[in-house]
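These are my notebook entries on a structure I went through chain by chain. The sequence and model come first, and the entries follow.

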Amino acid sequence: MTFIENFPFFSILLSLGSGVLTSIMNKKAARIWNTLIMLVIGSLSFVLLVYLLGTGESFTFMMGHFPAPWGNEIRAGALEAGMALFFVMIMFLSLKGGEQHLDEEIEESKINLYYIMINLLLSSLLALIYTNDLFTAYVFVEINTIAACGLIMIRQNGRTIEAATRYMIMAQLGSGLLLMGLCILYDITGHLLMSNIKESVALVYAEGTYNIPLIASIAMICVGLAIKSALYPFHTWLPNAYGNATVSSAAILSSLVSKGYIFLLIKIFYRVVGFDIIVDSKIINILFVFGLLGMIMGSVNAIQENDIRRMIAFSSVAQIGYIYMGFGLGTTMGMVASVFHILSHASSKSLLFIAASGLTDVSGHSKKFEKLTGSGFRNPIAGLAFSIGACSMVGLPLFSGFISKLLFAQAAVQLSLSKLLPTMICLAISTVLNAIYFMKTVLRIYTPVKGNREKIEMPNKGKYTFTLVCMIVINMILGCCSQPIVDWIESGLAIFG
Amino acid sequence: MSRLLSEEEYRKTKAYRMKRWYHGDKDPYISKVEMKPQKPFKEDVELQRKRLHDELILNQRIYDVEHNNKILAFRKFYRFISVIFVAALMAILLYMVSYLPPTGDATNPDNNEVAAKYIEDGMADTGAVNIVTGMILDYRAFDTLGESNVLFIATCAVLILLRLDKNEKTDTTKEEEEENDRLYEPKNDIILQKVAFFLVPLIIIFGIYVILNGHISPGGGFSGGAIIGAGLILYLNAFGFQKTERFFTQKTYKWICFVALSFYCLAKTYSFYCGAHHLETGIPLGTPGDIISAGLILPLNICVGLVVACTMYAFYAMFRKGGF
């Protein structure tokens with residue numbers, strides 16, 4: 001066992017421990033410590049990714065003195081390490097880009113509580129990525145939920161409290177369904193470790209003894225995680241939460257928290273139930289339908305919005321729909337496209353949120369469209385970043401959104417007509433709708449206003465510009481050099497099962 | 001009137017006082033317990049105008065059921081659909097339950113080698129007589145580490161929501177403080193104080209017993225901590241914040257939680273690291289059944305107990321007056 005194989009364990013414990021440590025720090029120390037931790041975990045994940053791409057295999061790590069079915073275990077492969085690296089990067093950039101707003105919108109004495117939430121959120125995301133045990137996953141889902149709630153309500157006004165309450169109710173419903181699903185799965189297999197459950201499930205499915213409980217538990221797990229990641233009919237908590245929380249929180253929630261649950265669902269599909277059984281059980285067809293509905297309805301709602309932050313939030317509903325539609329295709333190609341879309345959406349959505357905050361700052365802190373007219377001239381870098389994010393969401397070449405749409409289309413053409421046709425039609429409609437509301441916004445921020453065209457200087461501009469440039473670069477890398485990334489996802493999924 | 005005692009002596013007896021109380025001649029609460037008559041509520045004219053305006057706007061624009069078709073449709077169909085939905089879900093779940101393995105059957109899938117090892121080797125592996133404690137703090141310690149962090153993050157979330165930090169900009173005047181009912185202390189209640197005087201030490205000692213015996217008998221950090229927390233809350237209710245603040249403030253809370261959780265994290269990091277590399281930790285397991293035995297389980301139980309007790313107390317204090 002090489003030393004590098006300790007890195008997932010170090011990453012989880014480091015962020016968990018720093019959450020505790022932050023509780024006795026003041027604001028400044030907490031911020032510096034958090035930056036440091038993210039850089040350390042990012043570099044650990046990077047080294048791990050390079051190592052795992054070299055070996056091309058995965059490994060398990062025993063958490064404690066007892067081997068797997070009795071003790072806990074974590075597992076790392078190339079896909080997990082890359083996801084961890086990507087999540088840490090996006091979280092780091094979102095925090096740096098929203099730092100100014102954080103100072104303005106949150107009480108001075110509560111900022112260290114914000115960093116406790118961030119550290120524990122990071123540890124829970126890492127644990128969801130690396131875990132090989134279903135109950136560990138559930139424990140860290142709990143941490144994730146409470147941390148997300150804290151991120152929403154730390155900016156204390158009536159709207160965020162209301163949004164946090166809504167989020168809490170929906171997320172608890174999701175957690176409850178997930179827990180019931182896990183209990184039933186334990187009851188019919190007698191295991192909590194993912195690989196052992198997979199063996200037992202294959203046996204149970206072949207014998208057909210417990211087919212109905214098995215299907216019910218898969219359904220409950222899917223619905224539970226779909227509620228938590230805001231698949232279309234369960235998205236009602238989302239627009240208020242993303243629209244009113246402080247901008248770093250909105251970026252982290254939309255690009256990481258919901259993606260953590262989706263990654264867990266992928267893990268359950270591949271490592272717990274087995275992809276063949278999932279496809280055979282027809283449950284993915286339901287996810288497919290809801291995904292398609294989400295793609296259309298999310299965009300329709302976004303067009304009706306008159307508030308830029310809520311518009312971006314509704315666009316998230318549409319993008320989550322894309323990811324579930326990819327699951328619903330039921331092929332490895334579809335899954336690869338979904339995983340790529342997780343990356344693509346996370347990078348573009350955090351970019352959009354941070355850029356939109358820059359645009360509203362120069363428009364009298366109003367999120368309404370009338371006030372935003374011409375803001376692209378007043379804050380050029382935010383205007384540019386917003387346009388790039390919008391192009392990526394619509395799916396123009398050079399940007400990451402194009403590649404994910406291409407991958408979805410490629411995955412769909414290999415299928416029978418009953419899935420090919422709806423996918424293609426919805427992709428086309430959704431792209432047009434995306435273009436309508438994003439291009440409308442871009443045109444508006446570049447419509448000159450008479451008389452008032454001077455630039456407004458923002459304080460602390462260097463850090464903000466740096467963040468936006470980094471995010472644009474990530475987006476362009478995903479869009480221009482997609483082949484190695486797709487290869488990485490394919491090889492990662494191949495050793496996943 | 002008594003035949004054995006004179007009038008004067010009779011008036012001193014308890015029987016006489018009982019009789020007077022029974023006939024309603026004397027109210028024992030008068031001049032013993034303070035009872036203020038409630039002032040009639042008076043609303044500021046400006047505030048009242050604003051409130052009425054808000055209500056009007058709310059009713060006209062948002063809850064105008066007669067003209068707002070969206071709300072009308074929503075209210076009509078919501079009940080109908082939710083009832084159908086819940087009934088369908090219940091039917092499906094009940095149908096599913098009938099296919100689950102029967103309770104207590106020896107051939108059930110969950111009676112496998114996992115449970116067998118816990119029962120057979122639990123004591124030898126972990127040194128804990130109580131198998132449950134051995135499972136949660138040794139076999140599956142990573143889950144419990146996460147679980148104690150759930151408690152920690154839950155308190156932090158409550159702190160975000162409810163903690164009142166001193167804000168220099170809006171310095172509250174004395175009258176506002178008077179109005180703020182969060183600052184009111186309960187009046188001294190003699191019955192509660194007497195009962196608490198006897199009960200609180202017993203409760204806390206029992207809590208400590210449950211924590212320290214967590215690896216021997218049923219109990220452990222979570223249950224013992226909850227008992228101690230309940231004792232602290234009873235003490236607070238009886239004697240007020242002035243007494244508890246002498247030994248338990250936000251600072252104490254912060255440091256207890258920090259020390260307990262960081263000890264937990266460090267100890268478990270060491271033990272996970274050793275376990276994964278197949279090294280000996282060098283922590284003796286001792287004789288099963290002794291108080292000092294079972295390696296790390298006892299200190300970890302104490303840590304969990306401290307965190308749980310502090311969390312219980314902090315929740316109560318936060319909801320009561322936004323700080324302690």
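**Entry 1**

I began at A:Ala355 and looked up its partners: leaving aside residues up to four places away in sequence, A:Ala355 touches A:Ala382, A:Ala385, A:Phe386, A:Gly389 and A:Leu468. I note here that I am reading a predicted model.

I then asked which residues have the most contacts inside the largest nonpolar core. A:Ala355 is one of them, together with A:Met91, A:Met117, A:Ile152, A:Tyr167 and B:Val307. This core holds 243 residues. I looked up its main contributor, and helix H11 (residues 247-273) of chain A gives the largest share, 18 residues.

**Entry 2: the two domains of chain A**

I recorded the division of chain A into domain 1 (1-281) and domain 2 (282-497). Their centres, taken over C-alpha atoms, are separated by 22 Å. The contact draws 46 residues from domain 1 of chain A and 46 residues from domain 2 of chain A.

On the domain 1 side, I listed the helices of chain A that each supply at least two residues: H3 (78-97), H4 (99-105), H9, H10 (238-244), H11 and H12 (275-280). H11(A) accounts for the largest share of that side, eleven residues. By class, I find 25 nonpolar, 16 polar and five charged residues on the side of domain 1 that touches domain 2.

**Entry 3: helix H7 of chain A**

I checked the span of helix H7 (residues 158-189) of chain A. Its 32 residues reach 46 Å from first C-alpha to last, close to the 46 Å expected at 1.5 Å a residue. Just after H7(A), I noted that A:Gly190 takes a positive phi of about 80 degrees.

**Entry 4: where chain A meets chain B**

How many residues of each chain are in contact? I find 50 residues of chain A in contact with 41 residues of chain B. On the chain A side, at least two residues each come from helix H1 (7-22), strand E1 (59-63), helix H5 (111-130), helix H6 (134-153), H7 and helix H9 (211-228). H6(A) supplies the largest share of this side, eleven residues. Its classes are 32 nonpolar, 14 polar and four charged residues.

**Entry 5: chain B**

I turned to chain B and counted twelve helices and zero strands. Of the 324 residues in chain B, 25% are buried. Among contacts in chain B between residues at least 6 apart in sequence, 71% join residues at least 24 apart.

I also looked up the domains of chain B, which are domain 1 (1-32), domain 2 (46-95) and domain 3 (130-162 + 185-321). The centres of domain 2 of chain B and domain 3 of chain B lie 44 Å from each other, taken over C-alpha atoms.

**Entry 6: B:Phe315**

Is B:Phe315 buried, partly exposed or exposed? B:Phe315 counts as partly exposed because it has 16 C-beta neighbours inside 10 Å, whereas a buried residue needs 20 or more and an exposed one has 12 or fewer.

I recorded contacts of B:Phe315 with B:Thr155 and B:Val158, not counting residues up to four places away in sequence. I also noted that B:Phe315 and B:Leu162 are 153 residues apart in sequence and 9.5 Å apart in space, C-alpha to C-alpha.

Key:
Residues are numbered from 1 along each chain as its sequence is written. Chains are lettered from A and ligands numbered from 1 in the order in which they are written. This is a predicted model: local features need pLDDT of at least 70, side-chain atom pairs count only at pLDDT 80 or more; totals for chains, interfaces and linings use all residues. Domain bounds come from an automatic or database domain assignment. Helices (H or I, at least four residues) and strands (E, at least two) are DSSP runs, numbered from the N terminus. The expected span of a helix is 1.5 Å times one less than its number of residues. A nonpolar core is a set of buried Ala, Val, Leu, Ile, Met, Phe, Trp, Tyr and Cys residues joined through C-beta atoms within 7 Å. Two residues are in contact if their C-beta atoms, placed from the backbone, lie within 7 Å. Ala, Val, Leu, Ile, Met, Phe, Trp, Tyr, Cys and Pro count as nonpolar, Asp, Glu, Lys and Arg as charged, and the others, Gly among them, as polar.
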